[in-house]
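Here is a short report on one protein chain. Look at the sequence and the fold before reading on.

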Amino acid sequence: MAMHFYFCVLSAIHSYEAGPALFTYDEPEDIAELAQELAKEIAPKLEPELSFERIQTILQDSLQLFSNEHNDWLLQYTGRKTYYVKEDNFYRTGVVIGRRGSSPKIEVRRVEGYSRDYREWDTLLIEGENKEVVRISEVTQCGGLKGSPIFCWEGPYTYFKHWLRSSSVSISHLDDAAFADFFFRLVDSDHDGCLHRRRVSGLLPCIPYGAIQNTQDGEEELLRAARTDSKSIASAIAAGARGKDLWPALAADFGAWMVTRPDIWPSPPAQPHLIPIPISSGSETIFHTLPPEIVLQIIPLLDLHDLISVQLVSHSVRAIISPLLDTTLWHHVHFGGLRWILPIHEVEGEVERANLAATKWSSSTLPSSFENHALEPVFNLKGFPFMPFIRECLQNSDSMRNRQRLWRISQQFRLLWESRFS
């Protein structure tokens with residue numbers, strides 16, 4: 001199958017419709033075929049409670065709801081406005097970085113309107129006299145071969161500039177033009193010790209994008225190419241999920257969370273999560289023998305996973321650390337491995353969107369200056385309820401899971417960058 005798309009080198013989301021955005025083709029026989037394939041894997045786990053035929057019907061009915069016939073699902077579950085990228089305000093504008101013609105200068109061109117037939121963009125975005133965006137009809141091309149321009153979606157590219165500058169002293173001083181020059185040289189070069197040569201698709205073999213990168217090998221439009229398992233779907237069906245209620249399981253097993261917009265901060269759950277009961281034990285742990293002031297010195301040194309787990313030691317330990325949890329997590333968000341949660345000022349409207357979600361978590365504790373969602377992130381406030389908020393981000397938000405994926409990819413690029421240019 002001939003490749004019609006180039007892929008964003010930062011996110012592995014392709015250039016046409018910013019997809020994939022379908023589980024399989026919309027024809028009834030294609031949906032039935034995928035349902036049968038899944039049912040063959042799932043049936044041995046659920047029979048005899050559910051027959052093979054019943055499982056296949058459940059799957060077929062659910063997959064039908066996530067097709068173009070019912071395309072409102074794309075907005076509801078991934079935040080994408082429609083199937084057509086021209087109406088999507090996150091995956092609408094791309095950037096093409098590279099040389100034009102024989103010029104040695106690296107340019108960054110903002111583009112829209114990708115043609116899968118001609119493999120080029122038909123609209124160029126430039127800045128007008130009054131700094132307004134002007135769209136002109138001009139063809140822009142790129143390619144996956146060495147020396148050719150590279151493609152990124154503008155949103156991820158803006159994230160990466162911000163994250164790399166804040167993560168590396170050697171990158172922090174670069175202006176936009178210098179950053180683009182170094183970035184192009186990094187992507188376009190071969191590295192000692194790794195298979196870094198660019199693929200035709202535009203992706204780099206030494207970057208772990210996740211299962212979404214499997215779509216570059218054919219069927220770029222389809223999520224079924226990114227499927228890694230059926231365990232989540234089997235568990236959901238066994239628990240009684242049907243129809244659209246199967247979405248979280250489908251998103252997990254098909255990697256659909258990786259095409260979710262990475263700028264949808266979660267609202268509080270309708271039913272608050274219950275905090276697990278601390279482990280009861282016949283013998284005391286080391287925490288029981290330490291003076292409270294020593295425990296308070298240890299807590300800020302724990303990583304995020306250990307910080308959450310230590311709550312389960314005992315009621316007494318939880319009572320000691322609870323007042324410190326949100327403060328400690330505030331430091332993880334602003335200076336540690338959770339920096340990806342913070343909105344980025346350079347992305348238009350992102351701080352406002354983050355604040356809109358954040359105020360739902362802490363509306364009773366916010367000062368009046370945040371009533372209209374001021375440009376300073378609500379997350380900057382000490383006293384924000386980070387513990388339940390971060391739990392929701394990590395456990396139940398496809399958008400934040402995808403944002404974390406992009407952050408991790410950016411840190412892989414940072415390591416390559418520092419190795420290449422140090």
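Why is strand 1 (residues 94–98) largely enclosed by the rest of the structure? Five of its five residues are buried, so the strand has the rest of the structure around it. This is read from a predicted model.

Gly94, Val96 and Gly98 point one way. Val95 and Ile97 point the other way. All of them are buried. In a regular strand the side chains alternate between the two faces of the sheet.

Now the helices. Helix 4 (residues 154–167) packs against helix 6 (residues 176–188) at an angle of about 95 degrees. Their axes are 12 Å apart. Angles of 65 to 115 degrees count as roughly perpendicular, and helix 4 and helix 6 are therefore roughly perpendicular to each other. Helix 4 makes the contact with Tyr157, Phe160, Lys161, Leu164 and Arg165. Helix 6 brings Asp176, Phe179, Ala180 and Phe183. Six of these contact residues are nonpolar, three are charged and none is polar.

How far can the model be trusted? The mean pLDDT of the protein chain is 82, and 79% of its residues reach 70 or more. Over residues 274–282 the pLDDT is below 50. That stretch has twelve contacts in the model beyond near neighbours in sequence. Residues 370–374 also have pLDDT below 50, with twelve such contacts. Where pLDDT is low, the predicted coordinates should not be read in detail.

Terms used
Residues are numbered from 1 along each chain as its sequence is written. This is a predicted model: local features need pLDDT of at least 70, side-chain atom pairs count only at pLDDT 80 or more; totals for chains, interfaces and linings use all residues. Side-chain values use heavy atoms; hydrogens and water are left out. Buried means under 20% relative accessible area, exposed over 50%, partly exposed in between (1.4 Å probe, protein chains only). Helices (H or I, at least four residues) and strands (E, at least two) are DSSP runs, numbered from the N terminus. pLDDT is the predictor's confidence in each residue, from 0 to 100. Contact means heavy atoms within 4.5 Å. Axes are lines fitted to C-alpha atoms, for helices over the stretch in contact, and angles run from 0 to 180 degrees between N-to-C directions. Angles under 35 degrees count as roughly parallel, over 145 as roughly antiparallel, 65 to 115 as roughly perpendicular and the rest as oblique. Ala, Val, Leu, Ile, Met, Phe, Trp, Tyr, Cys and Pro count as nonpolar, Asp, Glu, Lys and Arg as charged, and the others, Gly among them, as polar.
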